[in-house]
Amino acid sequence: MGQIGNIIADTASVGLRMAGRLVNDIPAERFARLATPGNQLIESNHPAFALGHLCLYPRKIHQLLAQDQSIVQPPSQYEALFSKDATCQDDVDGTLYPASAEIIDFFNRSYASAQASLRDASDEQLAADNPLDTPMKQFCPTLGALLNFYMSGHVTNHLGQVSAWRRMQGMKPA
């Protein structure tokens, strides 16, 4: 519809492609485990937590654009497991977090939907004031700026955690 939404969606493609490269070769049994370089446990977000946390944002994007949220509604346990207030835990037995395939699939589907929603947004809608009364409003004064952050800066920030986790695990860069 408008240029701003297309620009945001196009820019987001960089991080979303990076996500695939970073997680697609991680063994499922390691996806929700803390890094252990030199057999030392490092309390840093593992891939399940980083991607799971990101899975909460496409719904916020749909909500802020006044679009149907049903397709991007995360499974009920995601909020408790992955909110900004949750703590990343080492899932030794594989029972705390959803399977890697579930998280990756939901991440891919929900961000594709968020990109489509942005492409449908008008420039006027995205140029409107940021409706959230949070400290982010100081840095992202418009709705478009906020959604650009959610789709790009926020995504790549957490993907950096996955990248660091990979290196601590002795994996090659993606």
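Predicted model: local features only at pLDDT ≥ 70, side-chain atom pairs only at ≥ 80, totals over all residues.
Helix 1 spans residues 3-23, and helix 5 covers residues 100-120. The two pack with their axes 9 Å apart, at an angle of about 170°. Angles over 145 degrees count as roughly antiparallel, so helix 1 is roughly antiparallel to helix 5. From helix 1, the contact takes in G5, N6, I8, A9, D10, A12, S13, L16, A19 and V23. Their partners in helix 5 are I104, F107, Y111, Q115, L118 and R119. Sorted by class, this contact is made of 10 nonpolar, 4 polar and 2 charged residues.

Is Q115 buried or exposed? Its relative accessible area is 14%, and the cut-off for buried is under 20%, so Q115 counts as buried. Leaving out residues up to four places away in sequence, Q115 touches A9, A12, S13, L16 and M151.

M151 leads on to the core. In soluble globular proteins, nonpolar side chains tend to be buried together. In this model, the largest nonpolar core has 49 residues, and L147 and M151 have the most contacts inside it. Which elements give two or more residues to this core? They are helix 1, helix 2, helix 3, helix 4, helix 5 and helix 8. Helix 8 runs over residues 143-168 and gives the most to the core, with 9 residues. Apart from neighbours within four places in sequence, L147 is in contact with I8, I61, L64, L65, L118 and L126.

The last two residues lie in loops. Most residues other than glycine have a negative phi. N39 has a positive value, with phi near 60°. N39 sits in the loop between helix 1 and helix 2, the latter being residues 47-54. The relative accessibility of N39 is 77%; the cut-off for exposed is over 50%, so N39 counts as exposed.

A66 is also not a glycine and has a positive phi, near 55°. The loop that holds A66 lies between helix 3, residues 57-64, and helix 4, residues 78-82. A66 counts as exposed because its relative accessibility is 71%.

Conventions: Residues numbered from 1 in each chain as written. Heavy atoms only, no water. Helix = DSSP H or I, 4+ residues; strand = E, 2+ residues; numbered from the N terminus. Buried < 20%, exposed > 50% of the residue type's maximum accessible area, 1.4 Å probe, protein only. Axes fitted to C-alpha atoms, helices over the stretch in contact; angles between N-to-C directions. Parallel < 35°, antiparallel > 145°, perpendicular 65-115°, else oblique. Contact = heavy atoms within 4.5 Å. Nonpolar A, V, L, I, M, F, W, Y, C, P; charged D, E, K, R; others polar. Core = buried A, V, L, I, M, F, W, Y, C linked by side-chain atoms within 4.5 Å.
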